[in-house]
Amino acid sequence: MKILNYIMFLLVLSLFMPAVSEAEGTLQSKIDEAQKGATIELNEGEYEETLVITKPITLKGKGEVLLRSCQSDPVVTMSGESVTLKNIKVEHCGDEKEDTAIYVTGSNHKLEGLAIETTRFGIRLDNANGVTIQDSEIVGRKQGNGIDLWKSNQNTFENLKITNVTDGIYLEQSNGNVIHRNDIQISRYGMHLMFSNENVLDENASRANITGTMLMESKRTVVSNNKFLSNNKSVNAQGLLIYLSTDTEVIGNEFISNRVGIFIEEAENNRIDSNKIKDNFIGVQFKKSNGNNIMRNTFVGNVNDAQAIESANNQVNGNYWDAASKVDVNGDGKSEIVYSADPYFLTLTNAVPEYQLFFQAPGLILLQNILKSPADQLLTDSAPLMNMTMEVEKEKSTSFSLWVISVVMILSSFSLFIFGRKRR
Amino acid sequence: MKKKLFCFIVLAGLIMILAACGNDKAQPVAINEATDTCETCNMAVIDNQYATQIILENGKSMVFDDVGCMYEWVTKHENEKIDAEFVRDYHDKEWMLVDDATYVYNQSVKTPMAYNVISFKDKATAEEFAAENEGSTIMTANDLAGHDWKQKQDKANHSHSDGAKDDHSHSH
Amino acid sequence: MWNIWHSELRMTIRQRSFYSFLVLWVTVLSLLFLVQSSAPSLSGYTNMTGTVVNVALYIIPLFMLIIGSFSIANEMENGQWRLLNTYPLFSISYISGKIGGQFTAQAIVFTFSYGVSLAIGLVSGNGFSSEWLLSIYFFSMSLIFFFLVLGITLGCIVSTRWQALSISVIIWFFLIMIWPTALIGVLGLVPYPWIAPLMKLALFANPAEFIRVSLVINLDGGAVFGQAYDSLVPYLDPPYGILNYILYFIGFMAITLLFSMLMLEWRKRR
């Protein structure tokens, strides 16, 4: 009887053992065994494993699936073509400099519904083309980029939420990518393009980063309908920086509450059209940039609308500047008084950045007015618009508390006044 | 009247002393990652081996994220009086004068602004690195002055030997 | 001290000029609040804030310097001070009574005008952020206070009202109008590494600049001052900011009170 029991026990054990190890240890072997085009469904649970996928298969999570690894290899490495990764949580806790949660090379992969947590990089694309990454979330620790592209073309990034990384989406020598409807926050640079051409940035939101978007030595970029909000905490913060880039189209974006809305340095032949530039400390800054086209933008509520040095030869026409004095004599909707960006403050602080403390100091405004620069060296809007080019919604606040403040002020001062007049 | 003259002399003396203080040998300033940006390209400067620095004669220090950016700045600002230029050792990040360093130019080495030049404090380690990495050119500070500082983004350049190692160091 | 305080307060608010101030503040503030209707947003550091701050910086210090210095110079001129000296009265209580009385009077008229102008703005359909409103209010009150104290200190030095007026204007012109120009000129002479510390020192030396910078930082605009002040900004931002503000207040009071007291004592002995 006892022996029988013992045998039974062993049998049961032997039945369970392989099942357990199959779920825990051999995800990779499942992938190795799978046919091309097969779909592997992962059951709910945690898998402490690194995967390498080299053939066109689909890996799909059912319920809460977590892939986790602290090794120096990526949690998932993809190559070849048409690999699909779906509904999976990926956590990478390795802390080596080049560590990444997902490494992608090859073409036409699809990554969807992922939630990535990483100490360093989120997803690295190395010579990867036609990859789609969408509906996913990446959270980092400000030690690596969320998505990092190296020589990767024609990829699509859509509906991603990226938080707390170095650069949200970083492109180097990568062309023709589409970045659409992503939300990047609390990172160093939202989108960062280096030597990358013909990329499209559309309807993204980049907020509370050091810089919303950096375009560096990139050509023919389209930046349209994005929102650059509250990039104002760092002393180097700005909404959009265009450096040595050409043929950029910046259309229909909103730049709100940034330290500097748009900063353009040594960039030529770009078009900045129909943007809303509101409540920034400085609206636009031009430095040694010429041959650009700035039109139909609405500048409103900026502490200082525009500053420019060595940038007299731009086409600045028909923008709305709320700080400009406007007179329309002939009724064409354009003011007859030209509006110029004053170069003095930028020139002064370029030489000695410490003088930035005088930003909008009353004495400096006086000095600025005395030291008028020759008109032909200024960035000048020859025909400022009388009316805004777009609706600017007004904040509405509840006036009840304000009435209370008003009444308290009046009553308290009045009673003190009565008390003061009284002879004792 | 005497009082005023005295005040003036004291003030003038003070300014002279202050001016004299600036004549010490220029020392490199530590990189502040939170706020330092490259004078040329505006990118944040990471406290790594690619960072470089110029100290002007008036004591102003400027940092660059890539030695190429520094040379770019020097060519664009020929009238500025430069006191010292510093680069860092590729391995231990020690600051040294531009003239004391040995450089390696290798297109497969990634630097922040893709100028692909790195610096070493002694020639032996530079040669060692060059031997390990194909396509390296060893340069001195003099060679750098004549270097054409081409960034590697050109399409025409596309067929270059791409090192093909996956450990390119992204450090922007 | 309380006698001086009360009599100063009563005298000030019975003067006709007191009511002209009421008209002035109501006009200026209402205009500023009405202009708000063209501004899209009403909080944070925007161009409206910049305008209000600059208008305040242009007018308030000048008036406060003149009022402060006059209130003492007047008594010097008409002999009232000599009369007061026959009583056993400490200089310190004389001065603090003066400051207290004047400040209460000015605070009354400013607060009243602020309340009325706010009501006018609200009636005309404008909305404001209460945080922004209170920041501007405390900014103006600080300006009133610091420059009143400066004015009263000045009053202890001068002997006639004419002197008081001219020196007030000079001080106002120096601290407000040509402050950046003067600093840029002087700092051009020192070696570059000295500019940052001297700028910080200068910031504390000029109450107008200190109050202005504190306000901008308080409205989350600290980043606009650039890298050199990145380490300073957290100290001027609440909660540390409040502590530092109080410390600055104490320091400022100590210096000005001590100075004016010594001046008065020296005058008494003459």
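In this predicted model, 52 residues of chain A are in contact with 56 residues of chain C; two residues are in contact if their C-beta atoms, placed from the backbone, lie within 7 Å. Helix H4 (362–370) and helix H5 (400–421) of chain A are the elements that give two or more residues to the side of chain A that touches chain C. H5(A) supplies the largest share of that side, 14 residues. Helices (H or I, at least four residues) and strands (E, at least two) are DSSP runs, numbered from the N terminus.

|---|---|---|
| Nonpolar | Ala, Val, Leu, Ile, Met, Phe, Trp, Tyr, Cys and Pro | 27 residues |
| Polar | the others, Gly among them | 15 residues |

Chain C itself has twelve helices and zero strands. Its C-alpha trace spans about 60 × 55 × 30 Å along the principal axes.

Of the 270 residues of chain C, 44% count as buried, that is, 20 or more other C-beta atoms lie within 10 Å of their own, with C-beta atoms placed from the backbone. Among contacts in chain C between residues at least 6 apart in sequence, 82% join residues at least 24 apart.

Residues are numbered from 1 along each chain as its sequence is written, and chains are lettered from A and ligands numbered from 1 in the order in which they are written. As the model is predicted, local features need pLDDT of at least 70 and side-chain atom pairs count only at pLDDT 80 or more, while totals for chains, interfaces and linings use all residues.

Conventions. A residue is buried if 20 or more other C-beta atoms lie within 10 Å of its own, exposed if 12 or fewer, and partly exposed in between; C-beta atoms are placed from the backbone.
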